[in-house]
Amino acid sequence: MTTIKIINKSGHELPNYETSASAGMDLRANISEPITLKPLERAIVKTGLFIELPIGYEAQVRPRSGLAAKKGVTVLNSPGTIDADYRGEIGVILVNLSTEDFVVENGERIAQMIIAKHERAEWQLVDSLTETSRGEGGFGSTGVK
């Protein structure tokens, strides 16, 4: 388990895992008044959370499946990445893809955050790549069934 420093200026509980097998922790809106998202409107919703990730880790901000399925509201740049050197407040870019207004309330669970290790890559410039049976096939080239 990795320990991460966090400042909570929200007045809400810290993000936590809802079950022992959960990968993500819910993020809550920290707003002074409700935000109404009209159809196709987007807004950055602040959380009141500030984190210090160890180098080699990122926090991924992803949609909550229930909010997306039931209300048509999702995270626009999904997954959003919080880098280890970012020290600002965590904000979530929500977009309303439904045909009805959606009201974000203070304390509402608006997204989930996953802490993930990552690698840094070093490019090796070459003239050719190893052949595979798939080759250049992409974008559905392997079929639909």
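Student: Where is Pro79 found?
Tutor: Pro79 is found in the loop between S7 and S8. Strands here (E, at least two residues) and helices (H or I, at least four) are DSSP runs, numbered from the N terminus.

Student: Which peptide bond there is cis?
Tutor: The bond that joins Ser78 and Pro79 is cis, with omega about -10 degrees.

Student: What kind of model is this, and what are the ground rules?
Tutor: This is a predicted model, in which local features need pLDDT of at least 70, side-chain atom pairs count only at pLDDT 80 or more, and totals for chains, interfaces and linings use all residues. Residues are numbered from 1 along each chain as its sequence is written, and side-chain values use heavy atoms, with hydrogens and water left out.

Student: Next backbone item. What is phi of Leu40?
Tutor: Phi of Leu40 is near 70 degrees, a positive value in a residue other than glycine. Leu40 sits in the loop between S3 and S4.

Student: Is Leu40 buried or exposed?
Tutor: Leu40 is exposed, since its relative accessible area is 64%. The cut-offs are under 20% for buried and over 50% for exposed, with partly exposed in between (1.4 Å probe, protein chains only).

Student: And Ile31, buried or exposed?
Tutor: Ile31 is buried, with a relative accessible area of 13%. Its place is the loop between S2 and strand S3 (35-37).

Student: What is Ile31 in contact with?
Tutor: Leaving aside neighbours within four places in sequence, Ile31 is in contact with Val45, Val104, Glu105 and Asn106. Contact means heavy atoms within 4.5 Å.

Student: How many Å separate the C-alpha atoms of Ile31 and Glu89?
Tutor: They are separated by 13 Å, while the two residues are 58 residues apart along the chain.

Student: Zooming out. How many helices and strands does the chain have?
Tutor: The protein chain has 1 helix and 11 strands. From the N terminus on, the order is β-β-β-β-β-β-α-β-β-β-β-β.

Student: Compact globule or more spread out?
Tutor: More spread out, because the radius of gyration is 19 Å, well over the 15 Å that the globule rule gives for 145 residues. That radius is taken over C-alpha atoms, and the rule is 2.2 Å times the number of residues to the power 0.38. The C-alpha trace spans about 55 × 40 × 30 Å along its principal axes.

Student: What percentage of the residues count as buried?
Tutor: 32% of the 145 residues count as buried. As for contacts with a separation of 6 or more, residues 24 or more positions apart account for 70% of them.

Student: Now the sheets. What is the order of the 4 strands in their sheet?
Tutor: The order is S2-S11-S6-S8, in an open sheet with antiparallel pairing. Two strands pair if DSSP finds at least two bridges between them. S2 and strand S8 (80-82) are the edge strands, each pairing on one side only.

Student: How many bridges join S2 to S11?
Tutor: 4 bridges join them, and Met25 stands opposite Met113 in S11. S6 and S11 pair over 6 bridges, also in the antiparallel sense, and there Met113 is the bridge partner of Val61.

Student: What about the sheet with 3 strands, what order?
Tutor: That open sheet runs S4-S9-S7, with antiparallel pairing. Strand S4 (42-46) and strand S7 (73-75) stand at the edges with a single partner strand each, so one side of each is left without a neighbour in the sheet.

Student: How do S7 and S9 pair?
Tutor: S7 and strand S9 (residues 91-96) pair in the antiparallel sense over 3 bridges. Val73 stands opposite Asn96 in S9.

Student: Last topic, the core. How many residues are in the largest nonpolar core?
Tutor: It has 25 residues, and those with the most contacts inside it are Ile82, Val92, Leu94, Val104, Ile110 and Met113. Such a core is a set of buried Ala, Val, Leu, Ile, Met, Phe, Trp, Tyr and Cys residues joined through side-chain atoms within 4.5 Å.

Student: Which element gives the most to this core?
Tutor: S11 does, with 3 residues.

Student: And what does Leu94 touch?
Tutor: Not counting residues up to four places away in sequence, Leu94 touches residues including Leu37, Val45, Val73, Val75, Val104 and Ile110.
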